[in-house]
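Student: I have a structure to work through. Can we take it in short questions?

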Amino acid sequence: MSVFVRGIILFVLTCVASAAWSERGRDGQVKIFYWQAPSILNPYLSPGIKDIEASSLVLEPLARFDDTGQIVPWLAESVPDIENGGVSEDMTSITWVLRDDLLWSDGTPVTSEDLKFTWAYCTAEGTGCAQAEKYGGIRSIETPDPRTAIVRFDAPRPFPYTAFVGATSPVLQAAQFAECLGPRAVECTDANFAPIGTGPFVVEEFRPNDVVLYAANTRYRDPDKPTFGRVLIKGGGTAETAARAVLETGEFDYAWNLQLAPDVLTRMESVGKGVVVSGFATLVERLALNLTDPDPALGKQRATVINPHPALSDPAVRQALSMAIDRALLVEIGYGPTGRVTCNILPAPEIFASQANESCRVQDIQGANDLLDAAGWLDSDNDGVRDKDGVDLRFLFQSSVNAVRKDFQEMIKLWWSQIGVQTELRAIDAAVFFGGDPGSPDTVQKFFADVQMFANMFDGTDPEAYLASWRCDRIPSPDNQWQGSNYTRYCNPDYDAMTDTMRSTGALEDRARLAKQMNDMLVQDFVLLPLVDRGRVSAHTKSLGGVQLNTWDSELWNIADWTRLRME
Amino acid sequence: MLTFTLRRLLLAVPTLLFISLVLFLVLDAAPGDPMSQIPLTIPPEVRAEMRAALGLGEPVYVRFALWLRQFFWIEPLVLADALLGTGLADGQTRILSWQTRAPVMDTVAQRLPQTLWVVGTAYLVGVAIALPIGIIAAWRQHSVFDQAGTFVTMIGYSVPPFVTGPLVIAIFAVHLGWFPSVYDTTLFVTDWDSFTRQLRQMVLPVMVLALQTTAMISRYMRAAMLDALPSDYVRTARAKGLPEHVVVLRHALRNAMIPVVTVIALGAPAIFGGAIVTETIFAVNGIGAQLIDALNAGDLPTVQTLTFIFAVLIVLANLLADILYAVLDPRIRYD
């Protein structure tokens with residue numbers, strides 16, 4: 001055989017091989033473990049991360065956040081902004097243009113009417129739409145042609161990327177959900193369990209809180225993707241079950257949200273079957289200090305702004321409590337590589353993160369003691385607890401039942417005892433603590449304690465709504481049935497004014513500057529004591545390629561690109 | 001006998017109604033909230049909307065009446081529709097879970113197979129091992145076998161499944177790699193190969209559960225046999241020169257079985273209740289896992305429905321045990 005013929009044969013073989021290489025579905029099945037199992041595949045009816053992420057294989061938004069937090073076009077041709085004319089100069093409208101090759105998985109074209117319908121669906125009376133906030137302030141959606149939708153707001157909107165952006169706000173098919181508006185939303189079980197979407201996969205079978213089986217979408221816009229032909233999301237068990245199935249036995253390819261003790265995770269990873277991946281977003285474990293008096297003797301005025309807290313109203317006390325905490329040790333014990341010390345309530349995205357509060361990284365018991373001495377909090381009756389004007393520094397410190405939080409409570413209690421502060425600990429079942437039931441005395445909103453610990457974050461990358469949480473009008477009180485996000489009862493007219501300014505500020509640099517100032521105000525007033533910036537932890541087997549952990553959007557955002565690595 | 005059964009069945013109706021009322025009120029008064037699992041980022045107005053969409057705004061008696069109608073009227077109609085292909089329940093709202101917004105009964109139907117496979121098999125295996133152990137241990141009391149049996153059953157009694165579960169996983173799934181650590185609910189038994197895979201994935205959870213059943217039943221069996229063996233009729237049988245196996249198995253065992261059968265019958269409803277801890281460890285996702293999921297999520301319609309089904313099964317199992325008494329022991333007559 002001549003070299004030439006051999007060359008041709010080789011060339012043909014290579015072509016065949018590369019064609020096979022890029023074939024849709026060539027990698028068979030990928031098995032994913034979500035130990036908190038998906039309950040429903042409609043993110044508008046459930047705000048749970050597990051449900052949103054399981055639906056993100058099927059339902060897609062117009063634009064989403066990539067793994068660096070940048071907004072990238074997804075179903076839209078490009079991300080509209082003022083420069084490209086997509087956002088009007090007065091910031092009251094945004095024009096989205098759909099890609100021209102979009103088909104629903106049933107073969108019908110995606111049109112701007114679907115966008116309009118999605119807005120109508122979420123804002124219909126009686127739907128109980130979990131993402132209603134995303135669509136708040138939209139006056140109308142116009143559809144001049146099948147690919148163009150103009151969203152008009154009732155006021156200038158400097159950050160218009162809420163509706164249709166990110167995994168929490170995908171586009172629904174109008175034809176499928178047309179009969180599911182308002183109170184009838186819950187009756188559309190078939191649609192809620194198997195939505196028709198544009199994503200790389202279609203739902204084949206869904207068993208609530210158990211498994212979801214997906215098959216590749218034959219009408220997906222990229223003919224070579226997804227590389228996996230089938231996806232199985234298994235639910236149930238515990239975080240440990242999930243970690244073991246990936247890292248120790250290799251039964252599954254990917255495990256989500258592995259909140260385990262750092263040493264357990266390290267030991268499992270050392271088996272060598274898989275890799276632990278983690279990333280950071282905006283989830284901050286923090287202490288909130290109560291600026292109002294939670295004394296039960298006050299009756300109906302308990303924990304309301306009428307009665308300032310006898311001790312915590314003094315900024316020196318609040319600062320001393322913060323200085324006494326060794327945040328690095330908390331991170332080491334509770335989170336290991338999946339947590340890091342933070343002195344900011346707004347730790348990310350990078351452009352929004354303040355650098356002005358780094359002093360909290362070092363514990364300073366002596367400094368805290370000096371501060372309290374100088375402020376007149378002395379142990380006048382020699383009982384080991386500082387006091388002033390008959391008020392003892394005795395605090396009730398509450399949190400939800402959780403092994404890590406229990407350790408944190410114990411350690412903080414110890415440190416505070418070293419500065420003459422006596423702490424009583426309390427742990428409340430998470431279902432009650434975070435339940436928000438106005439009839440229960442133990443909710444995070446009522447805050448019938450002096451100090452409480454919990455974690456909170458915000459969705460997406462823009463902190464405007466999050467920072468507005470600490471406005472005066474967000475203070476929970478009997479007048480608003482104890483609803484409101486300002487648990488610490490912080491009320492500062494300057495702060496409120498800055499939230500107003502932010503609402504009308506467009507330029508990103510200006511927004512970032514404002515956000516940093518507001519963060520510094522909260523942190524330097526010591527009403528919120530940030531402790532740990534908590535990361536997301538997942539794990540995948542070594543044979544799974546293409547995983548890019550995204551903490552700003554669905555973790556499964558790029559599942560169309562996942563591949564099976566052939567190991568020699 | 002028939003009148004007794006009928007009378008007991010009629011009596012069960014007010015009992016069950018009372019149980020359902022108590023369950024409803026207790027669950028309603030219990031702390032916890034279906035909104036507790038949603039992120040704190042969801043604003044209060046949206047939360048209020050979501051609560052209203054779940055029907056939480058209605059007073060207790062309205063919700064209870066609605067649940068009664070759904071459970072005793074609409075759900076049976078749905079069942080009839082499914083069996084006969086009729087359309088009696090069209091357009092009626094069934095008992096919907098707050099978590100999945102789907103009919104609770106559909107989820108129960110999805111989950112029963114794996115619960116019956118795993119917990120049911122474990123019960124049968126447990127009983128099958130326990131009875132011989134109990135009989136031999138009593139027949140050769142204080143022997144090495146009896147001592148060893150007592151030791152093993154005490155371990156079964158005292159070591160909870162959240163210890164034995166991870167232990168057997170560490171040994172058989174991680175170290176030896178013989179069996180899977182996660183139960184695959186999508187596996188259908190269609191041929192020999194899938195049957196062996198089903199067997200393999202059942203081994204570990206069945207092992208953990210059967211240890212507990214064995215421990216309990218073998219102690220009852222041993223005690224009952226110890227009561228029966230020194231009795232007059234056993235001595236008479238021996239005196240007649242009957243072979244030992246006839247004396248033990250026919251004369252002593254039959255009488256000793258009466259209390260043991262009661263224990264086995266009363267334990268049977270637990271099969272349907274699933275096994276909360278074991279199901280969670282192996283991700284079996286049966287009824288037990290459904291109950292604990294629903295409790296954690298504050299999904300009251302699911303919790304109410306499941307606990308009430310368990311109540312029905314327990315009432316029926318009690319009745320069954322009473323009837324079995326009469327069948328096994330000719331001295332007992334209910335008429």
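Student: At roughly what angle do the axes of H12(B) and helix H13 of chain B cross?
Tutor: This is a predicted model. In it, H13(B) covers residues 300-328. Its axis and that of H12(B) come within 8 Å. They cross at roughly 140°.

Student: What does that make H12(B) relative to H13(B)?
Tutor: Angles over 145 degrees would count as roughly antiparallel, and 65 to 115 as roughly perpendicular. The crossing here is roughly 140°. Therefore H12(B) is to H13(B) oblique.

Student: Is the crossing left-handed or right-handed?
Tutor: Look at how H12(B) passes H13(B). The crossing is left-handed.

Student: Which residues in H13(B) do residues of H12(B) meet?
Tutor: Start from the H12(B) side: Ile287(B), Gln290(B), Leu291(B), Ala294(B) and Leu295(B). By class, this contact has 2 polar, no charged and 6 nonpolar residues. The H13(B) residues are Thr302(B), Val303(B) and Leu306(B).

Student: How many helices does chain B have?
Tutor: Chain B has 0 strands. Its pattern along the sequence is α-α-α-α-α-α-α-α-α-α-α-α-α. The helix count is 13.

Student: Which helix supplies the largest share of the side of chain B that touches chain A?
Tutor: In all, 44 residues of chain B contact 46 residues of chain A. Several helices of chain B each supply at least two residues of that side, including H4 (104-139) and H12 (287-296). The largest share is 7 residues, and it comes from H2(B).

Student: How many residues on that side of chain B are charged?
Tutor: Sort the side that touches chain A by class. There are 23 nonpolar and 16 polar residues. The charged ones number 5.

Conventions
Residues numbered from 1 in each chain as written. Chains lettered and ligands numbered in written order. Predicted model: local features only at pLDDT ≥ 70, side-chain atom pairs only at ≥ 80, totals over all residues. Contact = placed C-beta atoms within 7 Å. Helix = DSSP H or I, 4+ residues; strand = E, 2+ residues; numbered from the N terminus. Nonpolar A, V, L, I, M, F, W, Y, C, P; charged D, E, K, R; others polar. Axes fitted to C-alpha atoms, helices over the stretch in contact; angles between N-to-C directions. Parallel < 35°, antiparallel > 145°, perpendicular 65-115°, else oblique. Left-handed = near helix turned anticlockwise from the far one by under 90°.
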